[in-house]
Amino acid sequence: MNSADIHTGLELSPGDYAPVERIVNEYGFVSLRANVDSFRSSLNSVGRVEVGIFGAFKAGKSSLINSIIGETALPVGVVPVTAVPTHVLFGESPGVSVEFKDGAVRDISPGEIEQYVSERFNPSNTRNVAAVSIRTPSMREYGRLIFTDTPGIGSSISGNTDESMRHLPFPGIALVAVSSLQPMSEDDIELVSRLSEHCPEVSLVLTKSDLLSDGELAEVLSHLKAQASKAFNREIPVFPFSTVASDKDARADAWRKNLFSSFLVPLADEASKKAVDIAVYKFRRLLERTAELLELSLVAAEADGSDR
């Protein structure tokens, strides 16, 4: 699928959404630039679906992706590691490329990844990296999905949170990693709310679930679902997960299989259709937000006129 196919699925031509972008620019609706960029990104997805992995510092995002693909593609550590968005996608042969904020692209070896994505070797992203893309045959079963590891939110390194927030509008599907040690903080609720502005589907992954007994896990899952229902007036899927070996906790294998069969495999199988659905969602949100701001501008202009 290419961008033309997505336009067809949307039943739109570029001329149909150009006026919306013109309104955003002419009226100075700065807050909607993210919506515009998000929608344009979905049009250029060529049938791929980006699954953004977001969450707090040390929630286990990098380990989650490594476990999903069955390969240690992303560096992990006990201190903040991921400093820039890192994409993992299918490639017939392994390869890594770095995109810089000035548009330059450089191919590197897998052994150099940490030099560009980690806080240790690239503190506060002093190398001005926009993103790193890791291509691996291990992603074959996920076809047109792209998993994106994002910097942790809420750590002492504020730049990490800023990098995550800048990337937040672009994924089409979002997984929020929530640690079993601190299930559903206010920051998590705010993060889900902001992601819902740009993603039609947001799910929670309860990482480190092996640290809980069966009874504690049931209690935490019930708490998460209740919190989500109260905050968003809708049900949000929650997947227990652990990266420990199944011989250490037999439940871990069942959790992984559930995430794969209930979420990842169906998503991969329907990626082309999902790409269209995501573009439709982003366009509708752009229209709705533009209409809301236009109405507020009109009310403000009328009030200003009456004051005179």
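User: Why is M184 called buried?

Analyst: Buried means under 20% relative accessible area, exposed over 50%, and partly exposed in between, using a 1.4 Å probe and protein chains only. M184 has a relative accessible area of 5%, so it counts as buried. A word on the model: it is predicted, so local features need pLDDT of at least 70 and side-chain atom pairs count only at pLDDT 80 or more, while totals for chains, interfaces and linings use all residues. Residues are numbered from 1 along each chain as its sequence is written, and side-chain values use heavy atoms, with hydrogens and water left out.

User: And why is K208 called partly exposed?

Analyst: K208 has 27% relative accessibility, so by the cut-offs above it counts as partly exposed.

User: Why is helix α4 described as largely enclosed?

Analyst: Eight of the nine residues of α4 (residues 61–69) are buried, so the rest of the structure largely encloses this helix. Among the buried ones are L64, I65, I68 and I69. They pack against several elements, including β1 (49–55), β6 (145–149) and α9 (251–269), where contact means heavy atoms within 4.5 Å.

User: How do you know that β2 and β5 pair?

Analyst: Two strands pair if DSSP finds at least two bridges between them. β2 and β5 have five bridges, in the parallel sense, so they meet that definition. One spot to look at is T86, which stands opposite V132 in β5. Strand β3 (residues 95–100) also pairs with β5, in the antiparallel sense over six bridges, and there E99 stands opposite A131.

User: What makes a group of residues a nonpolar core?

Analyst: A nonpolar core is a set of buried Ala, Val, Leu, Ile, Met, Phe, Trp, Tyr and Cys residues joined through side-chain atoms within 4.5 Å. The largest one here has 40 residues, and V132, L145 and F263 are among those touching the most other members. Helix α9 gives the most to this core, with five residues. Apart from it lies another core of 25 residues, including L224 and V238.

Conventions: Helices (H or I, at least four residues) and strands (E, at least two) are DSSP runs, numbered from the N terminus.
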